[in-house]
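The following note sets out points for a colleague who is examining this structure. Each point may be read beside the sequence and the coordinates.

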Amino acid sequence: MDRPCRLLLLSELCVRNVAYDVSLSRSLLTWKRRASSPVYRPFRASVNRSVPVTEIISVREEQWMNGSDQKDDSSWKKIKGGDRSDCRQAFTVLYVERCRQHHWRCAEVNFTCPDGVLCQNWVSSIREQLASISARPRNLLVYINPYGGKRQGKRIYEQKVAPLFAQAGISTHVIVTDYANHARDHLKTDADLSKVDGVVCVGGDGMFSEIIHGLVWRTQIDNGVDPNCPDEDLSPCSHRIGIIPAGSTDCICFATVGTNDPVTSALHIIVGDSQPMDVCSVHHHNMFLRYSVSLLGYGFYGDVLTDSERKRWMGPARYDISGLKMFLTHHYYEGTVSYLPARGIIGTPRDAGRCRYGCAVCQHNGQIQSERAEKYKTNEDSECADDGEWRTIRGKFLAINAASMSCACPRSPKGLSPAAHLADGTTDLILVRKCSRFNFLRHLLRHTNKDDQFDLAFVEVHRVVRFRFTPRYCQSDSDLELDLLENGKRQIFSQICRDHPACGCTRTNSSWNCDGEILTHTAIDVRVHCRLIKLFARGIEELQVFADLSNPCADVEYCDRKLRSSAGLFFMSLFVG
């Protein structure tokens, strides 16, 4: 077996009439400018560029005309046959180039060969390497929401995404949705998933929710799993999901890629990236309600969503208006939260580290959760052992949030839970108890700064694998009697007011905000399913990766690096901040 570093080809080719040593291995395509003079130039960067083969989009054969009608900028044309005696053979490689703020773009480099045989050899060798990458999709099922966000989904796909898919040789079957849940219903019953390598949605978080509901439901039915049973272990989906952001909110894309750029997302799909992701199933009394991948919010965030739905005519500004209104209203809600804490894992919700590409926490914890799930399948008494570990908290809450990811977005770069992980089999349960408006404002403002947002007396956070919530009015009679004994006459009058809420001395119940959708039931049972789906993504890359790989002169002399090191650290601090 050949080692990955073994060279497949090594030739002297030209780029813009400059000689380069170009090499191809199973892992890298490298071109380095040949030295034109033996004179030592300590402050001149040597142009040495390497591109991973996995990040090459495509290669095409071209020719460079030498005739009298040649333009000064060396025009390139596709080969159309005919007499080639007056032209030199060439090929163009399209590849991924990293830019600022986690953006990817499609770059290209043109190599001129001395003869046609060598050119054909290079083109065929690169294509063979690309064809051997099994992770790359060949056929995709694409759903476009033409009404989401600013109604730009169809235009974004046709102008920015479809040309990239065509260059990469990906065939697509495009469906423009006509109504809400069109994509979900089509995936559940009509879609022929055996002929596609993945499903792509063009839209916002609502469109992505439709895709996972249809795909996860379809997978469970095909595998004989009852989705209505909260104790069932769900079967992982074999098809990856791609997100082309085109909605008013694209939190899922931002938290998994680091930017809401359609071209970047399309390139992640083309190179065949794969990022597993946890999914929470939400049930009410053994009845399935919804799946959640980002935020489950009761209280403040549920009220904001409910109020904003009445103001859809205002556009995205409705979230700001509703948020201010709910903050001033300052409702709190009584209830009981029971949760099953995660055991034997590494990492806590208050870690300084973040979930990034190649996250060690996700790999370690995901393996533990998988091994535990296999053990439960063979041990019928294992569930009984977990029942004794449940913990219960009663109180009055301004907000109850469960974050399965950081929930970061452009407005809140840290998110609701900065240290939450995408694929560790847990969710961060955040409880904000009743407090003053000023203290609650302090908590909200910490979503946008560097302070620890959980370092407040009225906020507690737990990393859990399952939790249940019961609002005050749903508690059993025995619980009510216990509270009466503990709190005396005040609870007696509260019960009377609860039966006659028109007096206004009691709070009504809130709604659950489930990934931007309102749940009609408040008493819920939530369970985390580890790595249930996979995205065409790789997680957010560290900024240093972009600084190194986006620089075409990465291999510079030592003196040159030293001169620029201080400036580089300064700008890096700006990015991190």
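1. Of the 577 residues in the chain, 51% are buried. The model is predicted, and its chain contains 15 helices and 22 strands. Among contacts with a separation of 6 or more, 74% are between residues 24 or more positions apart.

2. The largest nonpolar core has 63 residues, of which Tyr143, Phe208, Phe300 and Ile533 touch the most other members. Helix 4 (residues 205-222) gives the most to this core, namely 6 residues. At least three residues of the core come from each of domain 2 (135-273) and domain 3 (280-373 + 385-528 + 558-577). Apart from this core lies another, of 27 residues, which includes Leu13, Trp31, Val93 and Leu130. As a general background, nonpolar side chains tend to be buried together in soluble globular proteins.

3. Which residues does Ile533 contact, leaving aside its neighbours within four places in sequence? The list comprises Phe208, Ile212, Val216, Cys237, Ile241, Gln275, Pro276, Met277, Val279 and Val293.

4. Helix 6 (residues 262-270) is mostly covered, with 9 of its 9 residues buried. Just after helix 6, Gly272 adopts a positive phi of about 80°.

5. The structure holds 26 salt bridges. One of them joins Arg49 to Glu97, with the closest N and O atoms 3.6 Å apart. Arg49 belongs to strand 4 (residues 48-52) and Glu97 to strand 7 (residues 87-98), and the two residues are 48 apart in the chain. Both Arg49 and Glu97 are buried.

6. A salt bridge also forms between Arg538 and Glu55, where the closest N and O atoms are 3.5 Å apart. This pair links positions 483 residues apart: Arg538 lies in the loop between strand 22 (524-535) and helix 14 (543-549), and Glu55 in the loop between strand 4 and strand 5 (56-65). Arg538 counts as buried because its relative accessibility is 9%. Glu55 is likewise buried, with a relative accessible area of 5%. Arg538 and Glu55 take part in a network of salt bridges together with Arg98, Asp273 and Glu541.

7. Arg463 and Asp428 meet through their side chains in a salt bridge of 2.8 Å, N to O. Arg463 lies in strand 19 (residues 459-471) and Asp428 in strand 18, so the pair ties together parts 35 residues apart in sequence. Arg463 and Asp428 are both buried.

8. Asp424 is buried yet has no salt bridge, and the nearest side chain of opposite charge, Arg463, is 4.2 Å away. The side chain of Asp424 does make a polar contact of 2.7 Å with that of Thr426. Beyond its neighbours within four places in sequence, Asp424 contacts several residues, among them Asp278, Asn365, Gln369, Arg463 and Cys530.

9. Asp320 and Val304 are 16 residues apart in sequence, and their C-alpha atoms are 9.0 Å apart in space.

Notes: Residues numbered from 1 in each chain as written. Predicted model: local features only at pLDDT ≥ 70, side-chain atom pairs only at ≥ 80, totals over all residues. Heavy atoms only, no water. Buried < 20%, exposed > 50% of the residue type's maximum accessible area, 1.4 Å probe, protein only. Lys, Arg positive; Asp, Glu negative; His and termini not counted. Salt bridge = Lys/Arg side-chain N within 4 Å of Asp/Glu carboxyl O. Polar contact = N/O pair within 3.5 Å; in protein donor to acceptor, adjacent residues only side chain to side chain. Contact = heavy atoms within 4.5 Å. Helix = DSSP H or I, 4+ residues; strand = E, 2+ residues; numbered from the N terminus. Core = buried A, V, L, I, M, F, W, Y, C linked by side-chain atoms within 4.5 Å. Domains from an automatic or database assignment.
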